[in-house]
Amino acid sequence: LDLIKNKQVQAIIGPQGSAQADFLIHLGNKLHVPIISFSATSPSLSSIRSPYFIRAAQNDSSQVNAVSAVMQAFGWREAVLVYIDNEFAEGIIPSLTDALEKVNTRVPYRSLIHPLATDDQILRELYKLMTMQTRVFIVHMLPTLGYRLYAKVKEVGMMSEGYVWIMTNGITDLWRSVDSSVVANSMQGVLGIKTHVPSTQKLHDFMLRWKMKFQQDNPSILNPILNIFGYWAYDAAWALAMAVEEMGAANFTFQTVSQNGQKLLQNLGNMTFVGLTGYFSLVNGQLESSVFQIVNINGNAARGIGFWTLENGLLRDLNSFNTSKYSTFKNNLGPIIWPGDSTSIPKGWEIPVNGKKLRILVPVKEDPSTNTSLVTGYCIDIFQAVIEKLPYAVPYDFFPFALPNGSSAGSYNDMIDQVFYQNYDAVVGDTTIIANRSLYVDFTLPYTESGNALLVPYKDYKGKSAWVFLQPLTWDLWLATVCFFVFIALVVWILEHHVNEDFRGPAMHQVCTSFWFSFSTIVFAQTDRVFSNLARFVVIIWVFVVLILTQSYTASLNSLLLQKNGEKVGYQYGSFSYGILREMNIDDSRFISYKSAEECDALLSNGSAKGGIAAAFDGVLSIKLILSQYCNKYTMIPASKTAGLGF
């Protein structure tokens, strides 16, 4: 404030930190003095930015898409954010979270570490992270806290095979200021996002001049280092000098506020030149985003493995630009040595130490030789195959639905009730998806074909009357149905033959076309189009009637086949088939349950007259399982549709 009022300075380069910039932004805005920062990179400054604040550096949030591209390239679906608990991080975290969500990566936990955290506090936080299943960590902090964090990460064993650590440019851009002993001992295999500075002759010449000048002023300091912020500071000073020179130094005046701030801002906004870090151009008051380099820490060096650009995504080198395609292929990156000196890509998760395990209920399947419950079979194999494909860990335990003596504890409905009562988390087995069950639990998508079927002996099936298909409907209903088909054919012909060429021509052609159109509605296979709106309305009503008729016919035929001669019917114990059979008004005394394919075969072989069954009624999958063992003795008759099997 003293410099502005008493010395009448026309612009200020600085300050270095985002916290101090917050105050100076308001001061510069009030007095119309441009504030030009080369190192206040926090995105939070953008929300309070005034027209008199110029950021001659890249916004921290410009790198978030580079981080998400790396996550997407390796297929990691979860990442924990580890960041310093101050204004340096508070601006980038929302942008980083949004970028990760756009590539379907979830952030299950955010780990905030105070700038003055003790080693014990850091250890406590790391132990908490170890109990989680996520093994991908994105770190955003400055080297002063970063190298302490990584030293403790190594100490607790989290820099071993299977872990992934990704640093933002908060550390990598200040890489040479990090303690080399920490790098060698604690950071091997870490990935980093680094602002790319192209190697040019201009930069080389500048460094020679700067080192010579610096050594003259500081002879006790050997091998001085200049980082990206030093380059941006030089470019910022150069841009301001050019803007002032363009205005003319004699034209500057200062009263209660600067009279030249607006003109100076305009000149800075239009200033373009090739600086130390590349092309210098301000967009919306801040340095235009450039290229980021992806680095892998090996030894004491940050080895480059690729680049990221806004237009092309991940690239092996900058000479492989493809202006038409954005890529996130991991093959576009060089070889990586991961933590633990591993070359295998980490999967990004592990089974947590103390995470909750799903309690999964399964139907009882007994081993005849040992009389013990088994958890095996087709449905279990499908479930385990799906679990293995998930991009995260799902620990679980199977619990057979059995009594202490090993026998089944109830029906499938009883088993599903256990999930509804929240005694268990899920049921995995040959559970049929039906409407009344869906009122109490959620089902996955079906993993098998749907439907119920009858299993009957070949000789029994062949001995049935050839005209049994006529019996589900009465003769009166058959006659009425045929009359309606003829009536619909006549109505469609009357409405269509004046406007539709398909219903014109010789009389026999018109008659055949009309009847074909009407009777083909049985299988919904009409090939002729109708143009009249009235005809379309008639057809819609008729198709609805045919649908009801065919469904009723199927149900009646199934009931007829089961009720014929009062023979007994089998069903799998605990299956929903029992409920369907009862809906057919069949007496309970005619039902016999079985628990295995062998028992079903024995009942069918005996027949209803000898205490067995004449047919078995069950889901298509269960019937096919029996047929796979006794295909030469039985045949399957499709009965009705269901939604299939699901978990």
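These questions and answers cover charged side chains in a predicted model.

Reader: How many salt bridges are there in this model?
Author: The rule asks for a side-chain nitrogen of Lys or Arg within 4 Å of a carboxyl oxygen of Asp or Glu. By this rule, the count of salt bridges is seven.

Reader: Which residue meets E78 in a salt bridge, and which loop holds that residue?
Author: E78 itself is in the loop between α4 (64-74) and β4. The N to O distance of the pair is 2.5 Å, and the two residues are 28 residues apart, linking distant parts of the chain. The partner of E78 is R106, found in the loop between α6 (92-102) and β5 (110-113).

Reader: Is E78 buried or exposed?
Author: Buried means under 20% relative accessible area. E78 has 10% relative accessibility, so E78 counts as buried.

Reader: How far apart are the closest N and O atoms of K152 and D119?
Author: K152 and D119 form a salt bridge. The cut-off for such a pair is 4 Å. The closest N and O atoms of K152 and D119 are apart by 3.7 Å.

Reader: Which helices does the pair of K152 and D119 tie together?
Author: The pair ties together parts that are 33 residues apart in sequence, because K152 and D119 lie in separate helices. K152 is in residues 143-155 and D119 in residues 119-130. These helices are α8 for K152 and α7 for D119.

Reader: Which residues do salt bridges that share partners join into one network?
Author: K152 and D119 form a salt bridge, and both belong to the network. The residues joined are D119, R148, K152 and E155.

Reader: Where do D217 and K213 lie?
Author: Their side chains meet in a salt bridge, at 3.6 Å from N to O. The two residues are four residues apart, about one turn of the helix. Both lie in helix α11, residues 201-217.

Reader: Which residues gather in a patch of negative charge on the surface?
Author: Patches are made of residues with over 30% relative accessible area and no salt bridge. One of the members is D85, in the loop between β4 (80-84) and α5 (87-90), with a relative accessible area of 39%. The patch consists of D22, D85, E87 and E90.

Note on methods
Residues numbered from 1 in each chain as written. Predicted model: local features only at pLDDT ≥ 70, side-chain atom pairs only at ≥ 80, totals over all residues. Heavy atoms only, no water. Patch = residues over 30% accessible without salt bridge, like charges linked within 9 Å, V, L, I, M, F, W, Y side chains within 5 Å. Areas by Shrake-Rupley, 256 points an atom, 1.4 Å probe, with all protein chains shown as cover. Lys, Arg positive; Asp, Glu negative; His and termini not counted. Charge placed at Lys NZ, Arg CZ, Asp CG, Glu CD. Buried < 20%, exposed > 50% of the residue type's maximum accessible area, 1.4 Å probe, protein only.
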